[in-house]
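Hello,

I am handing over the structure below. Notes on what was found in it follow.

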Amino acid sequence: MKGVYPPKHVLIVEDNPVNQKVLSRHLKGAGHTFFVASNGKEAIDKVETGEIFDVILMDIQMPVMNGLESTQLIRARETKLGLPTVPIVGLSGNATKEDMQRAREAGMMDFIPKPYQKEDLFRRMNTYAKLSPQKPS
């Protein structure tokens, strides 16, 4: 799978250690770099460091702070500071139309139900990362 799409720098926001490992292995195997946050609060803390991500993969249901709330806070920060919108793709085992609608209302660009197909995940990451801000030179 390495080389099919250009490498991305990804923020994984996932509370389940098994899901973290699986997603990390898929991304690493495809040549992507990543940082793992275990909940939405950790994701907010990482984003506030100023590190630029091409895409954020955000679980919806997590302890401490869920994916919808953290997405809303990331979007509010971008607006307040005049920052570019980083693509956020929701990941969840719940894939009802209502769940997908709530994710979009929170500011997610897309929603992928679990279990996902890694080829579909990479394709969507590539599509949305093209909308991501460029890294400073």
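How many residues does helix α3 have, and how far does α3 reach from its first C-alpha to its last? Helix α3 covers residues 67–81, which is 15 residues, and reaches 21 Å. That is close to the 21 Å expected at 1.5 Å a residue, where the expected span is 1.5 Å times one less than the number of residues.

Before going on, the basis of these notes: the model is predicted, local features need pLDDT of at least 70, side-chain atom pairs count only at pLDDT 80 or more, and totals for chains, interfaces and linings use all residues. Residues are numbered from 1 along each chain as its sequence is written, and side-chain values use heavy atoms, with hydrogens and water left out. Helices (H or I, at least four residues) and strands (E, at least two) are DSSP runs, numbered from the N terminus.

Helix α3

The buried residues of α3 are Gly67, Leu68, Ser70, Thr71, Ile74, Arg75 and Glu78. Buried means under 20% relative accessible area, exposed over 50%, and partly exposed in between (1.4 Å probe, protein chains only). Seen down the axis of α3, the buried residues fall within an arc of 165 degrees, so they line one face of the helix; the arc is that of the directions from the helix axis to the C-beta atoms. Thr79 and Lys80 are exposed on the face turned away from the buried side. The cover over the buried residues includes α2 (40–47), β3 (55–59), β4 (88–92) and α4 (97–106).

At the N-terminal end, Asn66 caps α3, with a side-chain oxygen 2.9 Å from the backbone nitrogen of Leu68. After α3 comes Gly82, whose phi is positive, near 65 degrees.

The sheet

Five strands form an open sheet in the order β2-β1-β3-β4-β5, with parallel pairing; two strands pair if DSSP finds at least two bridges between them. The edges are β2 (33–37) and β5 (110–113), each with a single partner strand, so one side of each is left without a neighbour in the sheet. β4 and β5 run parallel and are joined by four bridges. Leu91 has Ile112 in β5 as its bridge partner.

Asp99

Asp99 lies in helix α4. Why does Asp99 count as buried? Because its relative accessibility is 17%. Leaving aside neighbours within four places in sequence, Asp99 is in contact (heavy atoms within 4.5 Å) with Asn94 and Phe111.

Regards

Methods: Polar contact = N/O pair within 3.5 Å; in protein donor to acceptor, adjacent residues only side chain to side chain.
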